[in-house]
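This report describes a helix contact and several aromatic side chains. The structure is shown first.

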Amino acid sequence: MRGTRMERTRPNGAKTLRTAIAFLVHSNLFISTASTGVALSTTLLAGFAPEPLPLGIVFVATLFVYSLNRLTDIEEDSRNVPERAAFTERYGRPLLAVGAALYLAAILAAIEAGVRGAPFLLSPVAVAFLYSLVGVKRILLMKNLLVGLSWGAIPLGVGVYYGAVSAPEIVVSFGFFTVMLTVAAAVFDIKDIRGDRAEGIRTAPVVFGPRATRIGALAVTVAVGGGLLGVVGVGIVPRRFLLLFGFLAYVAAYVPFATTDRGPLFYGFVIDGEHVFLTALVVAFELL
């Protein structure tokens, strides 16, 4: 009798967990948490004391940009990730309204607090406009590069906030996250080949194929690791930046499994989880 109960409970528990993860991914709450993790990791690696305002700004800006993108890409998503498209169809507009309201409130709070470089907070709007409405993502590899630059801007925003945008730690963080998020975006697009090809969007997987994209991603990851060793070795940034090798190892671990038959939760939770993993490493290092 007990065995029967356990057998019934496990599937229900797994289903509940999957439903919770799907909600976090499709609502953009997880990706917003991940981007906040980049801001926190950069802050700690650069030796600054974390403050809630810049972290909150990153969270709500990401929520706004991705909520807008989900609505503008709903036709593409209906081919690639119908489950997410159905979620967006039902909840997309309310989530965008919440994201926009919180984003506006964050901008006003930053202005009120006299944050350095407050106009920098409008850059997510420009990115959303270029990516979702102008259609620059149809240019070869531009979709991947724009994503990388957008995430690379998070360390720059940290530098602006703390008045140290030209500090070596900020510059290295900008380069690291720009390159690695371009890689992640290229790998992420493996699941979107069918929809991107139909929409005329020329991503790395569409142009070069999934296998070549995976090989290229691993090659770039190894090269970034070499560059990271170099900048730490010559003393440009402190030794704690070696924690970024944890991020590189995480990327190298998931890239071989990025295939067209993987579900959206692999891409939206496992791949985007790289930032959460890095944040946990950096925070643990700081605590120890």
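**Terms and basis**

Buried means under 20% relative accessible area, exposed means over 50%, and partly exposed lies in between (1.4 Å probe, protein chains only). The model is predicted: local features need pLDDT of at least 70, side-chain atom pairs count only at pLDDT 80 or more, and totals for chains, interfaces and linings use all residues. Residues are numbered from 1 along each chain as its sequence is written, and side-chain values use heavy atoms, with hydrogens and water left out.

**Aromatic pairs**

The whole structure holds 13 aromatic pairs. Rings of Phe, Tyr and Trp (its six-membered ring) pair if their centres lie within 6.5 Å; planes under 30 degrees apart count as stacked, over 60 as edge-to-face and the rest as tilted. Phe23 and Phe87 are an edge-to-face pair, 6.0 Å centre to centre with 70° between the planes. Phe23 lies in helix α1 (residues 2-26) and Phe87 in helix α5 (residues 82-112), so the pair ties together parts 64 residues apart in sequence. Helices are DSSP runs (H or I, at least four residues), numbered from the N terminus.

Phe23 is partly exposed because its relative accessibility is 43%, whereas Phe87, at 12%, is buried. Phe23, Phe87 and Tyr91 form one aromatic cluster.

**A second pair**

Phe188 and Tyr267 also pair edge-to-face, at 5.7 Å centre to centre and 70° between the planes. Phe188 is in helix α8 (residues 168-188) and Tyr267 in helix α13 (residues 264-271), 79 residues apart. Phe188 is buried at 17% relative accessible area, and Tyr267 is buried at 0%.

How values were computed. Helices (H or I, at least four residues) and strands (E, at least two) are DSSP runs, numbered from the N terminus.
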